[in-house]
There are 2 protein chains.
Amino acid sequence: MSELSNSNFSLIYNIFSLTIASMGAAFIFFLVGRSQVGAKYRPALLVSALVVAIACYHYFRIFNSFEEAYALGASGTYAPTGKPFNDAYRYVDWLLTVPLLLVELIAVMQLKGKESEGTLSKLAIAAFLMIALGYPGEIIKDDMMMRGIWGALSSIPFVYILYVLWVKLGAAIGSESPRVQVLVRNIRLLMLATWGFYPITYMLPMFGISPESAVVGVQVGYAISDILAKAGYGVMIYAIARAKSEADGSLPDLA
Amino acid sequence: MSELSNSNFSLIYNIFSLTIASMGAAFIFFLVGRSQVGAKYRPALLVSALVVAIACYHYFRIFNSFEEAYALGASGTYAPTGKPFNDAYRYVDWLLTVPLLLVELIAVMQLKGKESEGTLSKLAIAAFLMIALGYPGEIIKDDMMMRGIWGALSSIPFVYILYVLWVKLGAAIGSESPRVQVLVRNIRLLMLATWGFYPITYMLPMFGISPESAVVGVQVGYAISDILAKAGYGVMIYAIARAKSEADGSLPDLA
């Protein structure tokens, strides 16, 4: 582990705090917001709430682990204390939350029947493989070749998930109201953009930047991706639930 | 960082605690008070609750950071411990809460349609610029010229936001009941007064006062502004929601 300048340490520290606040606020929003959508869409919002609750917990752990891994030295820079910064929290988080993110989408779209259950199982297995194959590369900080190989293996199930969702959602929106169609197209783009941000962050240390810049880039990149892919994505799920409630007459405001 | 007298340290310390209590109480009020307004206005109150929850979290962090940044010396004054007081919590808070304050207002006024979505996006971008341009000046404690330049840049989007809200709200109240019109005029004034307090606080260190007085003024000024602009503003939003529920017959008390 390399030293961190005061401003780099503060940047990571404050981004972690921002993530905790975002996930915590999103948790309250999804939980209480359940009463603001039709009853059919409430399970989707509950799952959104679980995702950000799990992430909020993990970012508390990440924040504390980061604080303990560095100490302010006499020179005004932060030096490693020797206590390792635990990268694995994030992977444990993803193991739980990525399958739930897929459940959210399927629940709000009301994709039903045997076929969608089969799809969900396949996507959940792909998500597990994607995360399990990424982790060995994540903890490699020196051999960029091996990091690249694990990353490439991890991106096979990653591309599979995005492909299946893209096609499934495209097929499902035909019968929806124009407003819902726009929202579903937007959430597809949001998924592509935010999920696409993870591999870029993963590859940062391979671009020949300094170890300190790599630490900052990876931590800030993952945190922002997590906020968008979990809290931002959940807000989109809420918007879809509202629009679908309005279209099918189950919006509580109208009652 | 300068030393703080016992009474100045206690003043800041107690104002932070007051802020935590205010935000926490406001959170409970807005959350539970949702059932006391018509269903249409509940999303606005939920957003009010999120704003004060986020602020409550940040004031806990600010409080702890402040406590760790100073230690009581033998002379009875508080001396810096060397651990930096993290100014950034407040800016991170504003990044999240200022856009939400705008959402509250648009949600309670039921400003709808494409046009209001466009307005909200523009205002959110302006809010981001206002905060992002203010921060570099905030952390400058010695070069008052540079602090002033960042502050001036930050106040361009600030004036834009206030101007747009002033005009939008003025146009929106024409069709409201006289009671609602009075409340909306009051919330406009509250926004102008509380938001206007932030730049004054920001400029305090530029008035040639002692560094110790500047610390006290900035911390106390921001804390009071935050209580009024978040909890006080939320109470006004609640009053508008009640008056509008009464006007449109959706007040739960009438049922």
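Q: How many salt bridges does the structure hold over all chains?
A: A salt bridge is taken here as a side-chain nitrogen of Lys or Arg within 4 Å of a carboxyl oxygen of Asp or Glu. Over all chains of this predicted model, the number of such salt bridges is 12.

Q: On what conventions do the values rest?
A: Residues are numbered from 1 along each chain as its sequence is written, and chains are lettered from A and ligands numbered from 1 in the order in which they are written. Side-chain values use heavy atoms, with hydrogens and water left out, and in this predicted model local features need pLDDT of at least 70, side-chain atom pairs count only at pLDDT 80 or more, and totals for chains, interfaces and linings use all residues.

Q: Which helix of chain A has the highest mean pLDDT among the elements of that chain?
A: The pLDDT is the predictor's confidence in each residue, from 0 to 100; its mean over chain A is 91, and 98% of the residues reach 70 or more. The model scores ipTM 0.92 and pTM 0.93. Helices (H or I, at least four residues) and strands (E, at least two) are DSSP runs, numbered from the N terminus. Among the elements of chain A, the lowest mean pLDDT, 86, belongs to helix H4 (residues 113-138), and the highest, 97, to helix H2 (residues 42-69).

Q: Which residue forms a salt bridge with Lys40(A)?
A: Lys40(A) lies in the loop between H1 and H2 of chain A, and its partner lies in helix H7 (residues 211-248) of chain A, 208 residues apart. Lys40(A) is partly exposed because its relative accessible area is 47%, where buried means under 20%, exposed over 50% and partly exposed in between (1.4 Å probe, protein chains only). The side chains meet at 3.6 Å, N to O, and the partner is Asp248(A).

Q: What separation do the C-alpha atoms of Ser177(A) and Asp248(A) have?
A: Ser177(A) is placed in the loop between helix H5 (144-172) and helix H6 (178-203) of chain A. Its relative accessibility is 21%, so Ser177(A) counts as partly exposed; Asp248(A), at 35%, also counts as partly exposed. Although the two residues are 71 residues apart along the chain, their C-alpha atoms are separated by 9.6 Å.

Q: How many residues apart in sequence are the parts tied together by Glu176(B) and Lys244(B)?
A: The side chains of Glu176(B) and Lys244(B) meet in a salt bridge at 2.5 Å, N to O. Glu176(B) counts as buried because its relative accessibility is 19%, and Lys244(B) counts as buried because its value is 6%. Glu176(B) lies in the loop between helix H5 (144-172) and helix H6 (178-203) of chain B and Lys244(B) in helix H7 (residues 211-248) of chain B, so the parts tied together are apart in sequence by 68 residues.

Q: Which backbone oxygen does the side chain of Ser245(B) reach?
A: Ser245(B) is located in helix H7 of chain B and is buried, because its relative accessible area is 0%. Leaving aside neighbours within four places in sequence, Ser245(B) is in contact (heavy atoms within 4.5 Å) with residues including Val37(B), Gly38(B) and Tyr41(B). At 2.6 Å, its side chain reaches the backbone oxygen of Ala241(B).

Q: Which residue of chain B is in contact with Ser22(A)?
A: Ser22(A) has its place in helix H1 (residues 6-33) of chain A. With 9% relative accessibility, Ser22(A) therefore counts as buried. Leaving aside neighbours within four places in sequence, Ser22(A) is in contact with Ile227(A) and, in chain B, with Leu96(B).

Q: What area is buried between chain A and chain B?
A: The contact takes 23 residues from chain A and 23 residues from chain B. Buried area is the accessible area (1.4 Å probe) that two parts lose on being put together, summed over both. Carbon and sulfur atoms give 65% of the area buried between chain A and chain B, which is about 1800 Å².

Q: Which element gives the most residues to the side of chain A that touches chain B?
A: Across the interface of chain A and chain B, the rule finds zero salt bridges. The elements of chain A that give two or more residues to the side touching chain B are H1 and H2. With 12 residues, the element that gives the most to that side is H1(A).

Conventions
A polar contact is a pair of N or O atoms within 3.5 Å; within protein, one must be able to donate a hydrogen and the other to accept it, and residues adjacent in sequence count only if both atoms are side-chain atoms.
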